[in-house]
Amino acid sequence: MKIIINGKEQETTYQTAFQVRESIGNPEDIVILNGFQINQDSPLAENDILSIIRKGVMPDEEELESMMMARHTPYVHQRVKKGKVAIAGLGGLGSNIAVMLARIGVGHLFLVDFDIVEPSNLNRQSYYVRHLGMPKTAALKEQLEEINPFITIETRDAKISEENVKELFEGYDVICEAFDKPDAKAMLVNTALEQLPGCKIVSGSGMAGFDSSNLIQTRRPMKQLYVCGDLENEARIGSGLMAPRVQICAGHQANMILRLLLGQEEV
Amino acid sequence: MKVNGSFVALEEEQSLYDYLTLRNFDLTKIAVECNGNIVPKAEYKNVILKEEDTLEIVRFVGGG
């Protein structure tokens with residue numbers, strides 16, 4: 001029977017997952033079968049994906065990537081690894097979305113922002129005190145490389161305008177709109193819909209304050225445009241932006257991007 | 001005319017620009033699709049709305 005063990009396809013005569021563990025590891029090693037960590041032995045079938053992970057031991061680089069993706073649903077990793085996603089704006093939405101997409105192994109991320117990290121970013125954005133004063137592109141790339149060294153990360157320190165949208169984002173499967181200012185959001189969405197007809201856009205609108213989490217939704221108002229958020233709660237004097245709702249919205253955007261990379265176009 | 005999924009009465013011949021400004025839309029913060037096609041900002045005054053049109057108006061609010 002042919003199965004995949006720690007990322008390598010091999011022929012095996014073992015009949016159960018725990019028999020494989022016994023043959024190559026220790027009884028306390030973690031066993032993940034087709035994306036699920038099992039505590040009871042389970043029979044093996046042709047093409048099963050099995051990971052045997054020894055806690056506290058650094059695997060060699062070849063095995064690391066397959067172990068990192070062992071909790072994925074089978075064959076999801078191969079598809080997201082081919083994905084090319086551009087993230088426009090690396091604030092509360094963009095930085096958190098980038099971290100999620102790096103964790104799931106999206107193969108090519110393009111990060112664009114013109115700004116540097118400052119103290120008022122830390123209440124919701126994925127940066128640390130040590131990043132203060134650094135360009136957001138560099139501060140985020142540093143984190144993503146520590147989370148997943150097996151993906152390609154490209155950055156650009158640039159202000160996005162009608163003039164450079166096409167040049168920057170042509171060829172990407174998905175553009176993630178993650179700006180703060182509403183006119184910038186509208187500019188990117190309008191320009192991309194006009195100039196990049198095949199491209200999908202996943203945008204965020206309405207996630208300020210501490211209103212109910214459940215008001216934040218993913219919608220598809222246009223064929224190529226998805227909008228996540230509550231559509232109402234804007235950042236303004238008296239209504240701030242905080243980690244929980246911003247990250248809920250970022251999660252909606254990241255999951256929609258994942259769905260698109262897997263060929264699921266419905267919200 | 002259908003706007004964001006609901007039917008609205010179109011009282012007079014009107015450009016998209018007039019329709020939007022009469023309803024106080026901030027044109028810098030929206031995207032508009034007419035019959036499934038994005039309408040470039042520069043075309044708003046040239047698009048004359050018809051009863052059989054379907055509009056989708058997306059308004060963006062700040063925060064991110």
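**Two chains: what the terms rest on**

Mentor: The contact between the chains takes 16 residues from chain B and 31 residues from chain A. Two residues are in contact if their C-beta atoms, placed from the backbone, lie within 7 Å. This is a predicted model, in which local features need pLDDT of at least 70 and side-chain atom pairs count only at pLDDT 80 or more, while totals for chains, interfaces and linings use all residues. Residues are numbered from 1 along each chain as its sequence is written, and chains are lettered from A and ligands numbered from 1 in the order in which they are written.

Trainee: What does Glu232(A) contact, beyond its neighbours within four places in sequence?

Mentor: Glu232(A) is in contact with Gly206(A) and Val61(B). Glu232(A) lies in the loop between strand S12 (225-229) and helix H8 (243-261) of chain A. Its C-alpha atom is separated by 7.6 Å from that of Ser205(A), 27 residues apart along the chain.

Trainee: Why is Glu232(A) called partly exposed?

Mentor: A residue is buried if 20 or more other C-beta atoms, placed from the backbone, lie within 10 Å of its own, exposed if 12 or fewer, and partly exposed in between. Glu232(A) has 14 such atoms within 10 Å, so Glu232(A) is partly exposed.

Trainee: Then what makes Glu28(A) exposed?

Mentor: Glu28(A) has 8 other C-beta atoms within 10 Å and therefore counts as exposed. Glu28(A) is in the loop between H1 and S3 of chain A.

Trainee: What is noted about phi of Tyr75(A)?

Mentor: Phi of Tyr75(A) is near 70 degrees, a positive value in a residue other than glycine. Most residues other than glycine have a negative phi. Tyr75(A) sits in the loop between helix H2 (61-68) and helix H3 (76-81) of chain A. With 12 C-beta neighbours inside 10 Å, Tyr75(A) counts as exposed.

Trainee: Where does Asn24(B) lie, and what is its phi near?

Mentor: Asn24(B) lies in the loop between helix H1 (16-22) and S3 of chain B, and its phi is near 60 degrees, also a positive value in a residue other than glycine. Asn24(B) has 6 C-beta neighbours inside 10 Å, so Asn24(B) is exposed.

Trainee: How many residues has chain A, and what share is buried?

Mentor: Buried residues make up 41% of the 267 residues in chain A. Chain A has eight helices and 12 strands.

Trainee: Which residues of helix H1 (residues 17-24) of chain A are buried?

Mentor: They are Ala17(A), Val20(A) and Arg21(A).

Trainee: How do you know that these residues are on the same side of H1(A)?

Mentor: They cover an arc of only 100 degrees around the axis, so they are on the same side of H1(A). The arc is that of the directions from the helix axis to the C-beta atoms. The buried residues of H1(A) pack against strand S1 (2-5), strand S3 (30-33) and strand S5 (49-53) of chain A.

Trainee: How do helix H4 (residues 92-103) and helix H5 (residues 136-147) of chain A pack?

Mentor: They pack at an angle of about 25 degrees, with their axes 9 Å apart. Axes are lines fitted to C-alpha atoms, for helices over the stretch in contact, and angles run from 0 to 180 degrees between N-to-C directions.

Trainee: Why is H4(A) called roughly parallel to H5(A)?

Mentor: Angles under 35 degrees count as roughly parallel, over 145 as roughly antiparallel, 65 to 115 as roughly perpendicular and the rest as oblique. The angle of about 25 degrees makes H4(A) roughly parallel to H5(A). By class, their contact has six nonpolar, two polar and one charged residues.

Trainee: And what makes H4(A) and H8(A) oblique to each other?

Mentor: H4(A) and H8(A) pack at an angle of about 50 degrees, and therefore they are oblique to each other. By class, the contact of H4(A) with H8(A) has nine nonpolar, four polar and no charged residues.

Technical notes: Helix = DSSP H or I, 4+ residues; strand = E, 2+ residues; numbered from the N terminus. Nonpolar A, V, L, I, M, F, W, Y, C, P; charged D, E, K, R; others polar.
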